[in-house]
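Thanks for making the time, everyone. Let me put the model on the screen, and then I'll walk through it.

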Amino acid sequence: MILSCQNIEKSFGEKVILKNVSFNLEEHDKAAIIGINGAGKTTLLKIILGEYSADSGNVVIGRDIRLGYLSQQAAEILDSTVYESMKEAKGYLLEMEARIRELEKEMKDKQGNELEKILETYNRLTTRYDRENGYAYESEITGVLKGLGFTEEDYGRHIDTLSGGQKMRIALGRLLLSHPDIIILDEPTNHLDMQSVSWLEEFLSSYQGAVIVVSHDRYFIDRISNKIIEIDQGTSTLFNGSYSFYSSEKAKIRQARINAYMKQQAEIQHEQAVITKLKQFNREKSIKRAESREKKLDKIELLEKPTEVNSDMRLTLTPVTESGKDVLLAEHLAKSYGTNQLFNDITIDIKRGEHVALIGGNGTGKTTILKILNRLESKDGGTLTYGSRVRVGYFDQEHHDLDPSKTIFEEMSDSFPEMNNTKIRNVLAAFLFTGEDVFKNIGDLSGGERGRLSLAKLMLSPANFLMLDEPTNHLDIPSKEILEDALRNYTGTVLTVSHDRYFINRVATRIIDLRNNVLTDYKGNYDFYEENRDRLYLLQHPEQSGEEKADAEPVKQSSKAEYENSKAEYARQRKLASDLKKVESGIEKYEKRIEEIDLEMNLPENGSNAALLTELSREREELDNELLALYEKWDELTNND
């Protein structure tokens with residue numbers, strides 16, 4: 001056990017945030033802390049890190065355990081270039097390397113016990129340097145930069161020229177390179193595209209240390225976690241498994257609690273009915289029996305009615321009319337901004353009832369496509385054809401459909417003038433806007449509240465073709481699941497842009513991937529896309545094969561066995577490069593020492609020192625033997641690529 005939280009409690013004023021939170025973390029655990037917005041997840045992280053003190057309870061961290069933390073806010077980055085900033089994260093290795101070089105110099109002038117002590121320190125440092133991959137730290141830096149979406153052209157850029165999201169990625173990369181015993185990440189996927197998130201999943205899954213992550217990205221959690229720590233109404237529940245396991249178990253537990261509550265309520269009602277009947281008999285024995293039953297009833301430990309935050313949110317999406325079979329045909333679309341061409345000659349054909357997810361890297365033009373389809377953005381070329389009886393409903397991630405100067409109530413009444421006040425309030429209540437909340441100004445709402453209001457408007461629209469741009473942004477997990485269920489049951493047509501892979505996996509029946517200015521079609525959900533991404537891409541775009549091979553991203557194999565083989569080969573090549581570098585370093589070191597010995601033996605003042613010459617000759621002979629072994633090893637490695 002490397003970390004233990006024992007009965008943690010924390011309040012701010014009268015507001016209780018955490019109560020009785022307990023869990024343990026083992027050496028290689030990957031734990032996800034989940035809960036609704038405001039549940040206390042970040043507060044718990046800060047208590048673990050010592051930034052907040054708990055009101056009661058203890059955090060016990062193992063001896064010599066190093067913590068590394070990345071918060072949601074951009075960390076302080078060094079005044080340097082991208083590469084130098086990442087290299088600074090390996091400062092401890094650079095210091096170790098400098099010390100090793102110093103010891104090598106000191107050894108030249110030392111003998112006897114002094115030399116033995118230096119050699120002992122030298123061996124200890126070189127062993128640790130090797131263990132921490134010191135001979136390959138530069139390739140590790142470039143691997144992390146590449147995985148996080150930086151190109152070689154970015155390496156020399158100054159940090160000040162980067163966007164906020166890019167700075168966050170640099171902060172994440174520096175943390176990963178520092179190899180703490182426990183990596184602690186707060187919403188790490190917020191500034192990453194899908195490719196970078198996939199790389200991060202692989203990195204964390206194979207990471208030798210432990211990981212604690214707070215995230216709303218359920219697909220990410222599902223891929224990396226073996227423990228789920230749920231914070232609900234201040235208390236914690238531990239689930240040993242992935243997010244899918246947690247979701248399944250949570251549903252079973254909730255259903256069991258509902259069943260137990262309903263059963264107890266039925267038993268209480270039965271007892272109360274019997275007591276009433278016994279009292280109606282108005283006889284001494286029946287009254288005594290009634291009193292006896294009342295005493296037993298009073299002693300029953302009442303079960304609380306199971307509640308779930310947002311369980312009252314109700315979202316039903318129903319098309320008023322059915323569209324024709326052909327919903328949308330966008331042919332030969334093209335769009336550029338100056339010299340930046342987003343896409344050219346792309347075609348999208350959508351049929352009635354399809355649930356399509358449009359995905360791609362950041363900046364590829366996905367949102368622009370939705371705006372063009374909604375005629376909110378001009379196109380440079382191509383045609384748009386909508387089918388018969390198609391009525392579009394558009395969910396804009398920036399919520400431009402909402403007037404920030406209006407109140408929630410005014411927005412709804414102006415958008416739907418045929419609705420009376422009672423119906424407006426009922427609809428708003430279904431989206432958790434009750435009481436005086438309906439008179440809040442839209443400009444003062446949080447991102448999640450704006451999202452719920454836009455969903456309320458969408459529910460009331462007569463649309464049979466929904467276009468959704470990042471609909472799960474700012475929604476907590478229960479709200480996302482309610483939206484997913486509504487869309488899964490929606491009989492109309494859906495086209496959505498989203499980075500939420502769990503959402504896509506549950507909702508989409510077809511995926512369109514915008515990559516390298518071309519669209520690739522996948523008839524399936526996100527899991528299907530992941531399994532077949534590169535195979536179907538090259539199948540549909542054979543002209544891209546040469547360009548794709550030149551890309552940094554390795555092409556996935558068509559079968560799991562081939563994919564595992566490619567991973568093994570990649571690992572073998574990395575080890576080979578590391579071994580070769582170590583051997584070459586050893587050869588250089590021994591050759592240098594032999595030259596030094598030859599110089600010492602040829603010094604006139606040493607000509608009559610038989611003892612010294614004997615010692616030097618013995619050392620040279622040993623070095624020659626070791627050097628010969630290294631030459632043979634080098635030859636073996638260079639012929640094994």
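Some ground rules. This is a predicted model, where local features need pLDDT of at least 70, side-chain atom pairs count only at pLDDT 80 or more, and totals for chains, interfaces and linings use all residues. Residues are numbered from 1 along each chain as its sequence is written, and side-chain values use heavy atoms, with hydrogens and water left out.

Now the overall view. The protein chain has 20 helices and 18 strands. Those are DSSP runs numbered from the N terminus: helices are H or I with at least four residues, strands are E with at least two. The radius of gyration is 33 Å, well over the 26 Å that the globule rule gives for 641 residues, so the chain is more spread out than a compact globule. That radius is taken over C-alpha atoms, and the rule is 2.2 Å times the number of residues to the power 0.38. Along its principal axes, the C-alpha trace spans about 125 × 80 × 45 Å.

What share of the chain is buried? Of the 641 residues, 44% count as buried. Buried means under 20% relative accessible area, exposed means over 50%, and partly exposed is in between, with a 1.4 Å probe and protein chains only.

Next, contacts, meaning heavy atoms within 4.5 Å. Take the contacts with a separation of 6 or more: 67% of them come from residues 24 or more positions apart.

Then the surface. The accessible surface comes to about 33700 Å², and 47% of that belongs to carbon and sulfur atoms. The areas are from the Shrake-Rupley method with a 1.4 Å probe; for residues, only the protein chains shown count as cover.

Charges, briefly. There are 85 positive and 110 negative ones, and their mean positions are 9 Å apart. Lys and Arg count as positive, Asp and Glu as negative; His and the chain ends are not counted. Each charge is placed at NZ of Lys, CZ of Arg, CG of Asp or CD of Glu.

On to one helix. Which residues of H13 are buried? In this helix, residues 421-430, they are Ile424, Val427, Leu428 and Ala430. They cover an arc of only 155° around the axis, which puts them on the same side of H13. The arc is that of the directions from the helix axis to the C-beta atoms. Here is the background: an α-helix has 3.6 residues a turn, so residues three or four places apart point the same way. On the other side of H13, Asn421 and Thr422 are exposed. The cover over the buried residues of H13 includes helix H12 (408-415) and helix H14 (447-460).

Stay in that region for a moment. Leu432 sits in the loop between H13 and H14. Its phi is positive, about 70°, although Leu432 is not a glycine. Leu432 is partly exposed, at 25% relative accessible area.

Gln233 also has a positive phi, near 55°, and is a residue other than glycine. Gln233 lies in the loop between strand E8 (227-232) and strand E9 (235-239). Is Gln233 buried or exposed? Exposed, with a relative accessible area of 54%.

Asn20 is in strand E2, residues 15-25, and is partly exposed at 44%. Asn20 and Ile8 are 12 residues apart along the chain, with their C-alpha atoms separated by 5.3 Å. Leaving out residues up to four places away in sequence, Asn20 touches Asn7, Ile8, Glu9 and Ser236.

Glu9 is in strand E1, residues 3-12. Glu9 is partly exposed, at 35%. With the neighbours up to four places away left out, the contacts of Glu9 include Leu18, Asn20 and Ala54. Between Glu9 and Asn58, 49 residues apart in sequence, the C-alpha distance is 9.2 Å.

Asn532 lies in helix H17, residues 526-540, and counts as buried at 10% relative accessibility. Beyond four places in sequence, Asn532 touches Tyr522 and Tyr537.

Glu619 is in helix H20, residues 610-638, and is partly exposed at 22%.
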